[in-house]
Amino acid sequence: MAAKSTTSNRGYAIYLIPGVLASLAVIVVPLVMTVYVSFTKWTGVGSPRWVGFDNYTRLFADALFWQSFGNIALLVIAMAVIPTLVGLFLAAVLFDYVAKHFGDRWAGALRSGYYLPQVLPVAVTGIVWGWILHPDYGALNRIFESIGLGGLTRNWLGDPDYALYSVMAVMIWFQLGYPIVMFMSGLSRVNPELYEAADLDGAGWWQRFRKITVYMIRPEFYVVLITTTIAALKIFGQVFVLTSGGPSNATLVPSYFAYQNFFEKAQVGYGSAISTVLTVLIVVLAFVFLRLQHRAEESK
Amino acid sequence: MTVTATLAEARAADDKSPRAAKHRDPVRFGVLAALVVLLLLMVGPLLVVAVNAVKNPAEYAADGPLSIPTSLYWDGIVDFWNRVNFGQKLWNSFITSLVVAVLGVLLSILNAYALGIGRVKGRVWFLVFFLVANLLPQEVLVYPLYYIGKEIGLYDNLIAIIIIFTVIQSAFGTYLLTSVYTEFPKELLEAAAIDGAGKWRALWRVVVPVSRPTLAVLFTFFFIWTWNEFFLPLIFLISNDNQTVPVALGVLQGDRMMDATTTSASALIGILPAMLFFLLFQRTLTRGIAAGAIK
């Protein structure tokens with residue numbers, strides 16, 4: 001039986017050939033090259049010169065590198081932690097309160113509205129907020145002035161004290177819709193009788209939220225947390241468009257730091273080391289998350 | 001996919017329940033009001049952009065961003081459109097996204113056919129590979145790709161972007177589609193085999209038609225993701241004629257020629273195609289996100 005199935009499966013390997021060749025060319029070879037280059041000094045022309053771990057020792061002593069990782073930690077809060085928690089709460093409110101008392105239409109319309117920022121291209125998000133937060137002709141400062149709160153106007157993206165918080169706020173705005181949609185679709189799996197039973201037992205909304213909602217959508221919870229965290233670690237576009245990592249590196253993130261070294265400073269070896277560290281971090285985090293998720297599902 | 005059906009049933013049951021008609025207390029409307037305020041915060045920025053894209057700059061200077069324009073002013077949009085030759089960018093984005101979506105789905109089908117249905121040896125390792133490929137930050141691939149692209153004459157060429165994104169998107173597609181094909185009903189394949197269909201015919205006559213809904217979701221994702229891509233197109237497409245929409249808009253930031261009207265005009269014409277796709281694909285999208293998307 002086993003022998004038979006392996007022979008009948010043999011003919012399928014040929015279907016993998018285009019995918020394997022394409023992945024080799026676009027993913028495996030470049031990945032190996034980057035890791036190799038991270039052990040060299042290279043300007044992008046001529047041949048790389050082997051320097052061993054020099055780039056890495058330099059990296060771990062580089063204040064900018066640590067700053068970029070500190071910034072990314074705050075962006076994980078803005079892009080993963082806050083949207084996941086707030087999204088969980090809002091999804092429950094929409095599903096278990098709004099839909100019940102005001103009907104499906106309201107819940108659906110609100111959900112679509114919250115999701116809207118997610119469909120915009122990253123660069124466009126940057127332009128919209130770059131304009132709203134612009135110190136001279138931006139909408140936010142103009143609004144503050146017109147309602148007599150002129151004292152609140154700031155150079156939101158140009159002042160090192162505020163730039164990172166401004167970017168964080170923009171990212172919360174951008175991300176919030178994704179967990180809401182994911183969690184609401186998770187909630188629709190839940191048997192409504194469960195809620196009815198809890199209702200009859202006299203459980204209040206908050207109790208139902210904690211005991212049923214949070215418990216039932218654990219799978220979605222993990223998926224959302226993994227994907228948003230990884231998205232935060234990879235963030236590039238918004239930072240490029242909004243602040244270019246500035247002012248004075250206040251919003252520098254690893255991917256932008258690598259980009260600068262590759263294409264502005266021609267320090268390809270150093271840039272490769274930065275991206276290699278970032279990659280290792282992402283892959284390790286992803287596997288830790290997957291393990292946790294696996295364990296949570298087993299214990300069910 | 002059955003998820004939406006259950007959802008509708010659950011809601012229908014709810015509407016009929018007596019609780020829905022129970023006493024209306026002010027708390028209820030307080031909650032709704034809070035949610036509507038939040039909605040305004042989410043959608044408001046886009047509305048402000050739309051309003052100011054069609055507002056005369058003089059009027060903006062006088063009345064600020066929140067006033068309703070007294071007359072529609074199209075010059076901001078027209079000027080910007082002509083200045084960046086926006087039609088060309090739209091076409092570049094469209095053709096790139098379309099080709100990537102088609103090729104990416106095809107490549108995902110082939111991979112998933114071998115891994116999910118064929119269960120070839122080492123399938124777990126292939127799947128781990130595609131999962132990791134999916135996680136990689138593009139920064140770790142960009143410099144070699146840029147270097148190789150230059151060497152083989154594909155730098156500043158849409159074909160390079162098409163090849164790269166076909167592979168990157170199909171890593172996700174393979175991962176998702178393999179899990180779908182692992183559950184593919186064996187009887188259908190056996191029936192095809194009895195009818196004398198080889199593996200190639202079985203793939204196109206049985207497997208692909210049956211999995212069409214999933215393929216539609218993948219196509220939609222690939223199209224929109226490719227449309228929105230910024231980093232690699234920014235590196236690869238340097239000449240004006242080759243830029244995609246996000247790159248053209250992104251590199252204009254910080255340009256001294258920009259003022260409130262031009263900036264919001266540029267933002268608006270970046271928003272509109274995205275909104276169009278959102279409306280066109282809304283059903284597939286929400287369904288697909290429900291199917292457990294990884295991005």
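This is a predicted model: local features need pLDDT of at least 70, side-chain atom pairs count only at pLDDT 80 or more; totals for chains, interfaces and linings use all residues.

Mentor: Our pair is α4 of chain A, residues 63-102, and α2 of chain B, residues 26-53. Two packed helices are described by the angle between their axes and the distance between the axes. Here the axes come within 11 Å and cross at roughly 120 degrees. Angles of 65 to 115 degrees count as roughly perpendicular and those over 145 as roughly antiparallel, so α4(A) and α2(B) end up oblique to each other. Their crossing is left-handed.

From α4(A) you have Val93(A), Tyr97(A), Val98(A), His101(A) and Phe102(A), and they meet Arg28(B), Val31(B), Leu32(B) and Leu35(B) of α2(B). Sort the residues of this contact by type and you get 7 nonpolar, 1 polar and 1 charged.

Zooming out, 74 residues of chain B touch 77 residues of chain A. On chain B's side, helix α14 (residues 260-290) gives the largest share, 12 residues. That side of chain B splits into 50 nonpolar, 15 polar and 9 charged residues.

As for chain B itself, it has 14 helices and 0 strands. Of its 295 residues, 43% count as buried. And if you take contacts in chain B between residues at least 6 apart in sequence, 77% join residues at least 24 apart.

How values were computed. Residues are numbered from 1 along each chain as its sequence is written. Chains are lettered from A and ligands numbered from 1 in the order in which they are written. Axes are lines fitted to C-alpha atoms, for helices over the stretch in contact, and angles run from 0 to 180 degrees between N-to-C directions. Helices (H or I, at least four residues) and strands (E, at least two) are DSSP runs, numbered from the N terminus. Angles under 35 degrees count as roughly parallel, over 145 as roughly antiparallel, 65 to 115 as roughly perpendicular and the rest as oblique. A crossing is left-handed if the near helix is turned anticlockwise from the far one by less than a right angle, and right-handed if clockwise. Two residues are in contact if their C-beta atoms, placed from the backbone, lie within 7 Å. Ala, Val, Leu, Ile, Met, Phe, Trp, Tyr, Cys and Pro count as nonpolar, Asp, Glu, Lys and Arg as charged, and the others, Gly among them, as polar. A residue is buried if 20 or more other C-beta atoms lie within 10 Å of its own, exposed if 12 or fewer, and partly exposed in between; C-beta atoms are placed from the backbone.
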